[in-house]
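Subject: Structure handover and findings

Hello,

Please find the structure below, with its sequence. My notes on it come after.

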Amino acid sequence: MKSIQERFYLFGTILIVVVALGLLYQYSYFSTIINKDKEFNIEAARIHLGHEINSKMKQNRQCTMAASEMVSLGAHSDQQLLELFKKLSQNNHSLKALYFGDVNNKLVISSEWNPPSTYDLRDRLWYIKAVEEGDTYVSDVYIDAVDGEPVIAVSKSVYDNEGNLMGVVSSDISANEIIKMVEDATIKGLGYSFLIDGSGNIIAHPKYSIQSESDMIRIDTLSSGIYGELIETKSGQMQIKFDGVEGFLSYEPLEGTNWIIGNFMSMEEFMGNRWDKWSVFFMTLALATLIFIVFFYLQKNSFLTPIKNLDSDIKKIDVEEDMGYRMPINIKDPLVEIRTSINAVLDKTKEYFEQTEQDSEEIMAQNEELEASYNQLSAMEEELREQYDLLLYSEERLKNALVKNEVVISAIPDILFVYDKDGVYVDIQGEHAGNLAAPESTLLGKRLTDILPEDIGFLVLDRITKVIENDKMEFFEYDLEVESGLQSFEVRMVKLDERHVLAMTRNISDRKEMENRLINLSYRDQLTGLYNRRFFEEELSRLDVERNLPLSIIMSDVNGLKLINDSFGHKVGDELLKTIANVMIKGCRADDIIARISGDEFVIILPKTSEEEAEVLADRLKKLSSETKFSDKVFPNLELSISFGIGTKHSMDVDMALIFKKAEDKMYAHKLLEGPSMRSKTIETIIKALYEKNEREEKHSNRVSIICQDIGKALGLGEDKIRELGSVGLLHDIGKIAISETILDKPGKLTKDEWDEMKKHPEIGYRILSTVNEMGQIAEYILYHHERYDGYGYPKGLKGEDIPFMSRIITIADAYDAMAEDRPYRKGLSQEEIIREFVDHAGTQFDPYLTKIFIEEVLGYKDTL
């Protein structure tokens, strides 16, 4: 009893210590969680605010880009441009003015502002920066001289089809909305956000507003040297003293600008009131101590003392000496029920001893009866021996029948189960390695509902009942997890007698797998592994129900695939499509449905997705595709380009075909704008790849370009034609990108097969360049630059004047550089030897007139021809 008291005291002490340590750990843990949550909220608020500002800036950039596209076409008058600018300004309330300044200081502006006579737009920062950047330029915030509002200039330099600067398109955007976004932003009611420009000036801050140029405040005035550190580290988090307050700062650059967005929270807000947490801790500890003291007092009076008294009374019990002793009963004793139970046990013990004496007498009488029964059993034993001999004969016949049955059973691929009407396993026969839900020894005698999963067990039991009642075969299938894994089974069940059925069970997993593979093949695109058009049409029809509204689809088309296929073969194009498919899978959500419905067209089905959510997904895919580079042995790091179109169904009254057509039309509209740019970029990538893999080709192309221009000048051609000749000279061997490097760099003479491969490069170059509309004529010149004047050239065998004039010039320039340069297998020819070659082949390989001009006017050798 003393040990129980000691353990109780020890338990109380340990409990107090554990509670104290637990509360201390809980305080530390919750403080850490709260601080991490605040760090996450600061960063999340900064990212959200950045996304809102980027979305606003993106909308304004699109106005400037749309205006620059129209200006670059060169097909609109100043009045038409002005009307277009005003229309764009009306559609965007943030757009204060949209204007175009050309290289001659002429200004077309959508607002009513008229510049002074001394105003030279070419000296303005928005004009200079746009030309220097060669792309969109976003200015710092400045105060509009007209209405005193803070504004931002978004500028874009504009070039014509020949690469000449036409001027700069710019738009003045009110910065009030961006400033309002920043000033209203909080981090769950705590902290604030701010925005600074590329010069370190504060654009937006809850405490500082910009009303004039003099209101501009540098960020360094709030924290010394902070701007330099922000510029150097780009993004991150730090603990600083900012505007006189110690706090936590999170910052990052704003996409497409040199601005920085930041979130600041004071340390008091960030860390919270630690003394409140400590007071809660000590109050809780004190309460736990008080509860334990009260608990100890009650337990001592209600448990320990009554237990001590009970132990003393139990020691007085002695059933051998005094069968009549009973424990004293006190109604107020908390253990009165235990005392009563002990007395009841003593009563039962007394009754047991008395009954035992009576049973001993009865056993003696029964023993005499057993001796008489033994004599009767001896007589029955002789009769049983005769019956046993008869059973042995029957057993022999039964064994012979069983052997025959085993041969038949081993020849079929089924497992034979015998069940009784209650679903109990009676017998199992046949080859069943790995196909049982449990070892055979554990099945016999047990109910199938205890072995099989509930749904399968009750299915089989129901069929057993039907077979016995209807005396007809039942056929069904199920999937079951067995020793060899999840398998599919086919069951044919027949009636044996009124209490038993025979179930012939066959493993059909291989057949099921083959069926599933065939189904999968019929719904999958074999190249990309995505769903095919058949699956898309069936799935779209299935999902076209009201519960899936809004139902969105995204149509997409790969820009430049035809160029790749025509130029480098469908094998390279197939690899490009696989890369595009991987981009789609990576960018989409797990439950989005992606299908390839034709050669270069993909479609995504988005149930319960609004048009805005679909646009977010399309933007993510577009960004992901632009960041993904397609690499092949022909050329590395080709930028992917995909055009997207979105259609959303909001009502069941609208035919899904119209939504599909809407998405397709939008996709083709985007493709008209993005396709040419993609093809131009692809050609630039091809040229760069050619020059990287063969430096000699780059030098050769540059020399041929110069020689072509010299011939053009000698012929008195105009500046446009001379520039065109220079471009043709640079691009004349672009088709060699598809020719093996082993052929291009071979030091010896080419074999017939290698020469046939080499002669393909003019046609390849033609296919590459003809995909770009403005290069169609250049592509034709390059196609025929290996034709001969006598008609024995390639690829078409054109003759004389049928060969384009520019192609005949390239033939001369290309041949001259080839003869003059050293090759691995020979030294370059001297000038006299080269002239002799031209004289000998004038009229056969070369145009005689152009050959004469080249020798006399370009090379300076008179009277040679």
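This is a predicted model: local features need pLDDT of at least 70, side-chain atom pairs count only at pLDDT 80 or more; totals for chains, interfaces and linings use all residues.

Residues are numbered from 1 along each chain as its sequence is written, and side-chain values use heavy atoms, with hydrogens and water left out.

The whole chain

The chain has 26 helices and 22 strands. The chain has 865 residues, and 41% of them count as buried. Buried stands for under 20% relative accessible area, exposed for over 50%, and partly exposed for anything in between (1.4 Å probe, protein chains only). Of the contacts between residues at least 6 apart in sequence, 57% join residues at least 24 apart; a contact means heavy atoms within 4.5 Å.

A residue in a strand

Val168 sits in strand E6, which covers residues 165-174. Is Val168 buried or exposed? Its relative accessible area is 0%, so Val168 is buried. If neighbours within four places in sequence are left aside, the residues in contact with Val168 include Tyr99, Phe100, Trp126, Tyr127 and Lys156. Val168 and Lys156 are twelve residues apart in sequence, and their C-alpha atoms are 5.6 Å apart in space.

Two packed helices

Two packed helices are described by the angle between their axes and the distance between the axes. Here, helix H19 (residues 719-731) packs with helix H23 (residues 776-783) at an angle of about 55°, and the axes are 10 Å apart. Axes are lines fitted to C-alpha atoms, for helices over the stretch in contact, and the angles run from 0 to 180 degrees between N-to-C directions. The angle makes H19 oblique to H23. Under 35 degrees would be roughly parallel, over 145 roughly antiparallel and 65 to 115 roughly perpendicular, with the rest oblique.

Which residues make the contact? On H19 they are Lys721, Glu724, Ser727, Val728 and Leu731, and on H23 they are Gln777, Ile778, Tyr781 and Ile782.

Salt bridges

How many salt bridges does the structure hold? There are 31, each being a side-chain nitrogen of Lys or Arg within 4 Å of a carboxyl oxygen of Asp or Glu. Three of them are described here.

Asp720 is bridged to Arg723, with the closest N and O atoms 2.4 Å apart. Both residues belong to helix H19 and are three residues apart, about one turn of the helix. Asp720 is partly exposed at 48% relative accessibility, and Arg723 is partly exposed at 42%.

Glu801 forms a salt bridge with Arg808, where the closest N and O atoms are 3.3 Å apart. Glu801 is exposed, with a relative accessible area of 56%, whereas Arg808 counts as buried at 7% relative accessibility.

Arg836 pairs with Asp840 in a salt bridge, the closest N and O atoms being 3.7 Å apart. The two are four residues apart in helix H25 (residues 831-841), which means about one helical turn between them. Arg836 is partly exposed at 46% relative accessibility, and Asp840 is partly exposed with a relative accessible area of 45%. Salt bridges that share partners also join Glu162, Asp720 and Arg723 into one network.

Regards
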